[in-house]
Amino acid sequence: MALSKYLYILFALLMSCIAIETSNLKCEVCCRLVEEIQRNVSSVDPSNIVQVSNFRLDGSGNQIKHTIPLARSQLYLTEVMDSVCEKMNDYVRATFKKNGTLTVMPLLLDGQMNPLMSEVDVVQDSDLNKSLQYYCEDIVNDIEEDLISIIKSGNDNHIVHSICTNVMQLCPKTDNKVEL
């Protein structure tokens, strides 16, 4: 009877550790997702503009049109959302050697090996990091419209914190995330 009690306690501790790991992992994936989207948006030439309109008409019966940067258009952002999670295949789950903190990081930065690779231990997992893409797609499906609205507004200050902490509530409020 005492052995089963200890097994139950061990099982409960293991499950709470897995839950903590998963929530930290989802926070990291969210941060990397938003950073990837920002990289996509900032890589578009600001002089590329598109004409957008809605279904409203002015007093003369003409559609009201205005121009916006391509990177802030609904069409462009929707295309980014549809493909951004595929980039998670180029990311790995790792822990920093100095403190054991979990991170999700790209293997390559600007075509070069990520300089942080020497500071981390890559976490090998059975799914070959496919869960990173799964979590990314789950986040995009949950908040695609909110994400597009925030990016379209052009207010990029603290966008990672705004989306991952305030909108998705995946990251703790006191977490000071370092952007990679």
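Helices (H or I, at least four residues) and strands (E, at least two) are DSSP runs, numbered from the N terminus. The model is predicted: local features need pLDDT of at least 70, side-chain atom pairs count only at pLDDT 80 or more, and totals for chains, interfaces and linings use all residues. Residues are numbered from 1 along each chain as its sequence is written, and side-chain values use heavy atoms, with hydrogens and water left out.

**View A. Leu-108 in strand β5.**
Strand β5 covers residues 108-109. Leu-108 counts as exposed because its relative accessibility is 52%. The classes are: buried, under 20% relative accessible area; exposed, over 50%; partly exposed, in between (1.4 Å probe, protein chains only). Beyond its neighbours within four places in sequence, Leu-108 is in contact with Met-113 and Asn-114. Contact means heavy atoms within 4.5 Å. Asp-90 is 18 residues from Leu-108 in sequence, yet the C-alpha to C-alpha distance is 7.6 Å.

**View B. A nonpolar surface patch formed by Leu-107, Leu-108 and Met-113.**
The patch has an area of about 290 Å². Patches are made of residues with over 30% relative accessible area and no salt bridge; like charges are joined within 9 Å, nonpolar side chains (Val, Leu, Ile, Met, Phe, Trp, Tyr) within 5 Å. Accessible areas come from the Shrake-Rupley method with a 1.4 Å probe; for residues, only the protein chains shown count as cover.

**View C. A salt-bridge network of Glu-28, Arg-32 and Glu-35 in helix α1.**
A salt bridge is a side-chain nitrogen of Lys or Arg within 4 Å of a carboxyl oxygen of Asp or Glu. The count by this rule is four. Glu-28 and Arg-32 pair at 2.5 Å, N to O. They sit four residues apart in α1 (residues 2-42), so about one helical turn separates them.

Arg-39 is partly exposed, at 35% relative accessible area. Glu-36 is buried, at 8% relative accessibility. Shared partners join Glu-28, Arg-32 and Glu-35 into one network.

**View E. The second largest pocket and its lining.**
About 240 Å³ of space lies in this pocket. Its lining includes Glu-36 and Arg-39, along with Lys-87, Asp-90, Tyr-91 and Leu-108. Both α1 and β5 supply at least two lining residues each. On a 1 Å grid over the protein atoms alone, a pocket is an open set of points where a 1.4 Å probe fits, with protein on both sides within 12 Å along at least five of seven lines; lining residues have an atom within 4 Å of a point. Grid points are joined across faces, edges and corners, and a volume is the space filled by probe spheres set on the points.

**View F. Ser-73 in the loop between β2 and α2.**
The loop runs between β2 (63-69) and α2 (74-83). Ser-73 counts as buried because its relative accessibility is 5%. Its contacts, leaving aside neighbours within four places in sequence, are Val-50 and Ile-68.

**View G. Helix α4 and the residue Gln-169 that follows.**
Helix α4 spans residues 159-167. Its buried residues are Ile-159, Val-160, Ile-163, Cys-164 and Thr-165. Gln-169, after the helix, has a positive phi near 55 degrees.
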